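Open the model in your viewer and keep the selection tool ready. This tour goes from a helix to the ligands.

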Amino acid sequence: MREPRFTFRRPQPAADPWAPLSWARGAIVVAVAAAPSVPAANHLGVAGYAAGDAYAQVRDALERVRRLLVDVGGRGVVVADSNLAFDRALARRARLGWVGRHTLVMVPGYGGAVVLGSLIVDRVVEVRLGRTPTGDPCRNCRRCVDACPTGALGDGVLEPLRCRSWRQQERHLEPSWRETWGPWLYGCDECVTACPLSARQKKVGGERVASILSASDAALAERVRSWYIPDRTLAWVRRNAIVAARSLATSPDDEQAIWRQLVAGAAPVRAEAVRWVLRRGGWGGVDASRARHQRLSPEDRRYSALPRGDLPSARPDELRRRHA
Ligand code: B12
Ligand code: SF4
Ligand code: SF4
C-alpha cells in the first residue's frame, strides 16, 4: 500500500509557502462554491468539486487578480490544490472560515462545500469580503462523522487511507476497501452533504456505468481531464466504475458494458474487478448466473460459463505490473 504523498512528502515548505519566495509578504485567500453531489438513482457518483471543475474556477479567479497585481508592478503566485501549500492552513490564517469536525474549512452560507486557493503576494493585503466566522459551528453535532461509511473521520481528524477519495486513486485495492466503496466513481461527498451547513447546496447527478465503460479513450480522457488518476491511465477509472456498479441497480446496457470488460484485450485490472464483483454475487441484486447467458457474445461466454469459484484471477502484485 502506498503512503499518501501530496503535501505529505515535503511538509515543511507547504507549511511556510512564503519561505522560498524572498519577495513574498502576504496572501489573498478565496473560497469558491462547489455544490456536493448526491448520486442519482442508478448513477455513479462524482464529487461536486470534480464534476464542476471547481479547482479550475478558483485558479482562473486568482490568476485574474494576479494579472491586475502585475499591472501595478506587483508580484504573485497562485497556489490551489497543489503540493506547495496547506490550503486549509492559509484559509485559517486568513480567518476565511471555521474548520468543521469533518476537517473541511467551512464558510458562512456554504459550509464545507467550497474549494480553496490563495495568491501569495509581495505585500500585506487588508481586504475582507464576506462575514468573519466566529464561535464553534459544530457544537454537539457529529453528523459528518456518523455519515462517513468508512470510519475515516474522528473528532476533527481524517485518516486519509480510509477516505474513499484516497482509495479511488490507488492501484491496488484492499478487499475491505471494495466492501465499503459505495456508488462513487471519483471522490465522495457524503460527509459534506450530511452537514446542516451545506445541506442546501447539494445537487443530484452522476454518470451512467455504460457511458463510462463504453466511452472511447479520447472521450473518457477529456471527461476526466482534471481528476487525479495514477499514471493518467484510464483503466483505473473504468475499474472504479465496475466496483462502484456493485452498489447500483444496473440497467441491461450497464451490464453489457461490464461484461465487455472481460473480453480479450481488456486491461487486467478491469477484468479482475469484474471477477471480484461476480464472486460477491453480481451487480445491484442482478442474478449474475442468469445475466451471464442472456446477453453475451460467444466470446463473453468463454468467461461467464465458468463456475464462480473457478473464475481466473491474478495476484495483486501481478496486476500492479500489468495494469495498463
Ligand atoms: C492530500 C489531500 C487529500 C487526501 C488527504 C486529506 C487530508 N486530510 O490530509 C484525500 C485524498 C483523502 C483528500 C480527500 C478530500 N479532499 Co483533499 N486535499 C488534499 C491536499 C492536496 C493536501 C492536504 C494536506 O496537506 N494535508 C496535510 C495536513 C497537515 O494539512 P491540512 O489538513 O490541509 O491543514 C491543516 C493543518 O495545516 C492544521 N494546522 C495549520 N496550522 C496549525 C497549527 C496548529 C497548532 C495545529 C494544531 C494545526 C494547524 O490546520 C489545517 C486545517 O485543518 C489539499 C490541498 C492542499 N494543498 O492543501 C486538498 C484539500 C484539503 N481537499 C479538499 C477536498 C474538497 C477534499 C474532499 C472533500 C474531496 C471529495 N469530495 O472527495 C475530500 C475530503 C474529505 C474530508 N472530510 O476531509 C479541499 C478542502 C476544501 C475545504 N473546504 O476545506 C482542499 C483544501 C483542496 C482545495 N484547494 O480546496 N484530500
Ligand atoms: S469523503 Fe467520504 S470517505 Fe472521505 S471522509 Fe468524507 S464521507 Fe468519509
Ligand atoms: S456535520 Fe455537524 S459536526 Fe460535521 S462539520 Fe457539519 S456541523 Fe460540524
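Select Arg64, Arg67, Leu68 and Asp71 of α3: these residues are exposed (12 or fewer other C-beta atoms within 10 Å of the residue's own, with C-beta atoms placed from the backbone). Helices here are DSSP runs of H or I, at least four residues, and strands are runs of E, at least two, both numbered from the N terminus.

This is a predicted model; local features need pLDDT of at least 70, side-chain atom pairs count only at pLDDT 80 or more, and totals for chains, interfaces and linings use all residues. Residues are numbered from 1 along each chain as its sequence is written, while chains are lettered from A and ligands numbered from 1 in the order in which they are written.

Now turn to the other face. Ala54, Val58, Arg59, Leu62 and Arg66 of α3 are buried (20 or more such C-beta atoms within 10 Å). They cover an arc of only 125 degrees around the axis, so they sit on the same side of α3; the arc is taken over directions from the helix axis to the C-beta atoms.

Show the cover next. Over the buried residues of α3 lie, among others, β1 (26–33), α2 (48–51), β4 (76–79) and β7 (114–121). Then pick Gly73, which follows α3 and has a positive phi near 85 degrees.

Move to ligand 2. Cys148, Thr150 and Leu153 are among the residues surrounding it (C-beta within 6 Å). Both α6 (164–167) and α8 (190–194) supply at least two residues each to the shell around ligand 2.

Finish at ligand 3. Its surroundings comprise 13 residues, the closest being Gly100, Cys138, Cys141, Cys144 and Cys195.

How values were computed: Contact = placed C-beta atoms within 7 Å.
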